[in-house]
Amino acid sequence: MIKREMAHESTKTDDELLARLRRGDEAAFVALYRRRQGAIYRFAVHMSGSTTAAEDITQEVFLALLRQECGFDPERGTLSGYLFGIARKLVLRNLERGRADVALETEADDAAMPELAVIDDPLMDLTRREGIEALRRAVMALPRRYREVVLLCDLEELDYADAAVVLQCPIGTVRSRMHRARALLFEKLNQDRNPRLAVGPWKPMRVAI
Amino acid sequence: MTCVEFWNHLPEGGLEASPGAGHLAECAACAARWDRQQALKAGLRLVSAGMRGEEAPPRVEAGLVAAFRSQARFKRRRAASYSWRSFSWWPPVLTGASAAAATVVLAMVLMHGSHPVPASMAPVSTPHRMAPAALESADAPADRVDEDSYGPDSDFIPVPNAARIEPNEDVHLVRVEATRSAMMALGIVVSAENASDTVVADVVLGSDGMARAVRLVTNGDGSLLEEE
């Protein structure tokens, strides 16, 4: 019975579920939570580096949705983007408290970003388990501003417009950060394959995972 | 299209609909770079697929559902409170309605008698000049009058259908003010202009509080005494 109800809810749009949630429909709230919690939780885990913090952040995000004055405006973006926006603010607050972010985030670093260099194609490895894990580690090691754009656009498949709302920046900035993030990922993968090539903007970093 | 223009205007999705699609056929460097980007995106999709199993533990959902239920209870209670508050305009309305009803009852008393004197016939605080006949009743001890004082020869008009006063019954005389329209049954001329004007009258009450007779208080010239 419950499964049938949940299956019925899964056909509803976020906006429909939100409207019912506002009228006090618990089933709508649960359906909306189950649909969106995974992405929010993963984003929080990979941004904060802590599962405990990610749990708290996920809970806070959906509690904010329960508040009458939550401020979601369908005219400005999707509900998913709105939830990511709250999660991001909470992550930043968490990082400020814990100072757990990576130490690779200056404009000078951006300026020294290498062009995509083909040394010994590391992308060939991406079809193997180790290659996938190496890429995952590379994503997690990205500076925050690039990591968040890769998490949102590549891993959680938000479009650039939604990502721009979440990050509160122009869509062109999202595009350029994506470009730089991918360049950094290439560089990191190359470096992993040949440690002697570890030069340029990469510096020792502290990552709390 | 230059290489810079190609990368600056790269669409989010595939190249099919992009005007820069032709550039890749002309530029080997951009084509190679494009291929690497596509391979990276494919790798990221695999990373994403591997992460799909990562979800918030069930205790987060349990906590949120508890919060939702608590909030729903609070909202219901608040809604109930608001529904009572929405009736807060009733007391003044009921008061006004009561006053109107009292006026109607006064008219009924005057027309049919044997009804209690309504509250709107409150005693007039300041005595006015009284007609000679009224003075007779005013001479009665305190606010009590004899039956003779409102007998056939007096100015008192028996209230229709009112019970007769028993020989030893104590009666009370009260002076009231009432609208002309309420006194219409006593023969007062009422027009649209003066219907709401008030006149002064003496009412004889039986020991049961019922009106027995009414006398309109007049000025020396015989005109009705009107409350100022």
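Reader: Why are α7(A) and α3(B) called roughly perpendicular to each other?

Author: The axes of α7 (residues 129–140) of chain A and α3(B) cross at roughly 90 degrees and come within 9 Å, where axes are lines fitted to C-alpha atoms, for helices over the stretch in contact, and angles run from 0 to 180 degrees between N-to-C directions. Angles under 35 degrees count as roughly parallel, over 145 as roughly antiparallel, 65 to 115 as roughly perpendicular and the rest as oblique, and the two helices are therefore roughly perpendicular. This is a predicted model, in which local features need pLDDT of at least 70 and side-chain atom pairs count only at pLDDT 80 or more, while totals for chains, interfaces and linings use all residues. Residues are numbered from 1 along each chain as its sequence is written, and chains are lettered from A and ligands numbered from 1 in the order in which they are written.

Reader: Which residues of α7(A) and α3(B) meet?

Author: G131(A), I132(A), L135(A), R136(A) and V139(A) meet G43(B), L44(B), L46(B), V47(B) and G50(B), a contact being two C-beta atoms, placed from the backbone, that lie within 7 Å.

Reader: What makes up the side of chain B that touches chain A?

Author: In total, 30 residues of chain B are in contact with 31 residues of chain A. On that side of chain B, α3 (28–51) and α4 (58–85) each supply at least two residues, and the largest share, 14 residues, comes from α3(B). Helices here are DSSP runs of H or I with at least four residues, and strands are runs of E with at least two, numbered from the N terminus.

Reader: How do you know that the length of α3(B) agrees with its number of residues?

Author: The expected span of a helix is 1.5 Å times one less than its number of residues, so the 24 residues of α3(B) should span 34 Å, and its end C-alpha atoms are 35 Å apart, which agrees.

Reader: Why is F6(B) called buried?

Author: A residue is buried if 20 or more other C-beta atoms lie within 10 Å of its own, exposed if 12 or fewer, and partly exposed in between; F6(B) has 22 such atoms and is therefore buried. F6(B) has its place in α1 (residues 3–8) of chain B, and, leaving aside neighbours within four places in sequence, is in contact with M1(B), G20(B), H23(B) and C30(B). Among these, H23(B) is 17 residues apart from F6(B) along the chain, with 7.2 Å separating their C-alpha atoms.

Reader: What makes β1 and β2 of chain B edge strands?

Author: The open sheet of four strands has the order β1-β4-β3-β2 (chain B), with antiparallel pairing, and β1 (157–158) and β2 (172–179) each pair on one side only. Two strands pair if DSSP finds at least two bridges between them; β1(B) and β4(B) have two, whereas eight bridges join β2(B) to β3(B).

Reader: How do you know that β4(B) is mostly covered?

Author: Six of the six residues of β4 (residues 211–216) in chain B are buried. One residue of β4(B), A213(B), is the bridge partner of V204(B) and also stands opposite P158(B).
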